[in-house]
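Please look over the model below with these notes beside it.

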There are 2 protein chains.
Amino acid sequence: MLNKNPSRVPLMRFVLGAVSVAALLAGAPARAAEPVQPIELPKAVNPAQAELGKKLWFDPRLSRSGFISCNSCHNLSMGGSDNLKTSIGHNWQKGPINSPTVLNSSLNMAQFWDGRAEDLREQAGGPIANPGEMAFTHELAVDMLRSIPQYVAEFKQVFGSDKLSIAEVTTAIAAFEETLITPNARFDQWLKGDMKAINDQELRGYQLFKSAGCVACHNGPNLGGTSFQKMGLIEPYQTDNPAEGRYAVTKNDAERFNFKVPTLRNVELTYPYFHDGAADTLARAVDTMGRIQLGKTFSTQENADIVAFLKTLTGEQPRVVLPILPPSSDTTQRPRPFD
Amino acid sequence: MLNKNPSRVPLMRFVLGAVSVAALLAGAPARAAEPVQPIELPKAVNPAQAELGKKLWFDPRLSRSGFISCNSCHNLSMGGSDNLKTSIGHNWQKGPINSPTVLNSSLNMAQFWDGRAEDLREQAGGPIANPGEMAFTHELAVDMLRSIPQYVAEFKQVFGSDKLSIAEVTTAIAAFEETLITPNARFDQWLKGDMKAINDQELRGYQLFKSAGCVACHNGPNLGGTSFQKMGLIEPYQTDNPAEGRYAVTKNDAERFNFKVPTLRNVELTYPYFHDGAADTLARAVDTMGRIQLGKTFSTQENADIVAFLKTLTGEQPRVVLPILPPSSDTTQRPRPFD
């Protein structure tokens, strides 16, 4: 399912493929034929790497100001997002795009809205060096870490080597991110056979979600993250956000305004919606998606049913004990947020 | 010891008073006559209030931008401070003063560097409404909370009433802050009779800390927080920071540049030092304090001994499980960080 070029695959073939592969992989659970699969906790994360990665995740010293950490825009108290239309970067710069959730992001075929990073490791280096986000450089970030004896010792212990470069930094951050899985949503319980886990309205919403065609793109265990799709397939999407989507990566005109389909897991927590953050509420997001992607106008009741279903996708949030960061040493370069 | 006007008490009488009261209160521990007492975990915090307060502590929706929370400037991963010279406020405004640690702050006789808040409850309302910090209003903060059913229910459960005002908000935040005590530093172990808990250099440093006179102001369980003192007692302090200290509150000329003596607990983690954040390292802070407060120039060895002692004051940091914040409802006013 991690097809790197799904936009080249005819839509219906892709959907049918996802369904049948899912049925095959899932063995024989209660609902093996559903186009959505339960999410499971990751099995193979290196715990020492993830623990180091957690420190880095929360460490604002990876930014030029000493004020912005990964968690600033992917806040684990708020569904792994910042709940802002677009994010706030260094020197209060207005970010270009809505911050996607980090939760379950390891299940996406690629990272960023335009998929320009192949995986979490590649993604993790981006914001650190982006002048509009953390505004640092990889070199200065690594210098900072190397100046702190506790970090040096922990990198050595975790990676079994004295090498401390941006590769180890992003590997550790990615390992932490791989732990950020949200299992056991009520919908997962239903998928696994607990008929009482969702109510009649939520079930109606799911049935409509399938029959109306939402599931064509929002499928798989992450209900998304498996394809790029055009924003405004049936009707043009009106926005003043200049993002061009997949085109920015491929320079292929056919992929203009193609964005990675976002996950719907925990969507109750990750407002506002769309790459431009224009939809404040789930009701509005469902309405817009129906019209511009499917050519459908949902009735008030239908909209409410789908929203009710979407709220069953809120899983158990990661239980994160706040790390205690190793203090800077006398030789650590001090942040200069106002220079 | 919570004398509200300690600056009116002659210095030596105050110090002797602190020692004898401490000896009295402490029963008969191993070192009852020391001017510093071990720090103990609080006994009487209301756990439900503190749990609600923890959510509020981490909730950036208490700021106008939706980006700044209490934890932004009093980061519990970094000794309860932001490790910046002065803090970053709404719209990247440069703060006027160094962010004091929240750790053990319930032990201070008053809050803020100039003591303008009597207690943690009074303090907690300050940054929310300060145009240079969170830049919100109490009314809008309360409106936000009232628009979120989970918050409304939790306030009702915790306070046993439908009343949800800034008073309940600050009461809950203060209850959480009261849990942020850092017991069992190596120095506390030594105070309680474990002779091996600190080494010879650290003990020399403590002895010099006492004999040189540091302890005249940095005493009690929090090694500070018990008096206002003039910054630059013997020699004027050179700074371009315009803060006037206690004078700003009392308009009494004699209290110009009088600041609350900061705690030295966890001082290894709470750099940079002084109200203007001008001292990047403990070595520099000790040197400056010796000269301008005591008229003493410590030798390199003496300075290193005192710094070694100060590092024994790092206690067990609070183990904080990151709260999951209740999501905004459809009627919650959205933050407008760039308006």
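The points below go from confidence to the two interfaces.

1. This is a predicted model, in which local features need pLDDT of at least 70, side-chain atom pairs count only at pLDDT 80 or more, and totals for chains, interfaces and linings use all residues. Residues are numbered from 1 along each chain as its sequence is written, chains are lettered from A and ligands numbered from 1 in the order in which they are written, and side-chain values use heavy atoms, with hydrogens and water left out.

2. The model scores are ipTM 0.91 and pTM 0.91.

3. Between the chains, 44 residues from chain A meet 44 residues from chain B. The buried area (accessible area, with a 1.4 Å probe, that two parts lose on being put together, summed over both) is about 4,000 Å², with 69% of it on carbon and sulfur atoms. Phe67(A), Trp92(A) and Phe338(A) supply 22% of the area that chain A buries against chain B, more than any other three residues.

4. Between chain A and chain B the count of salt bridges is 0, where a salt bridge is a side-chain nitrogen of Lys or Arg within 4 Å of a carboxyl oxygen of Asp or Glu. The side of chain A that touches chain B has, by class, 22 nonpolar, 14 polar and 8 charged residues, with Ala, Val, Leu, Ile, Met, Phe, Trp, Tyr, Cys and Pro counted as nonpolar, Asp, Glu, Lys and Arg as charged, and the others, Gly among them, as polar.

5. Within chain A, domain 1 covers 6–39 + 182–313 and domain 2 covers 47–178, with bounds from an automatic or database domain assignment. Their centres, taken over C-alpha atoms, are separated by 27 Å, and the contact takes 29 residues from domain 1 and 23 residues from domain 2.

6. Domain 1 and domain 2 of chain A bury about 2,000 Å² between them, of which carbon and sulfur atoms give 58%. On the domain 1 side, Asn222(A), Lys260(A) and His275(A) lose the most area to domain 2, together 24% of what that side buries. Across this domain interface, too, the rule finds 0 salt bridges.

Terms used:
Contact = heavy atoms within 4.5 Å.
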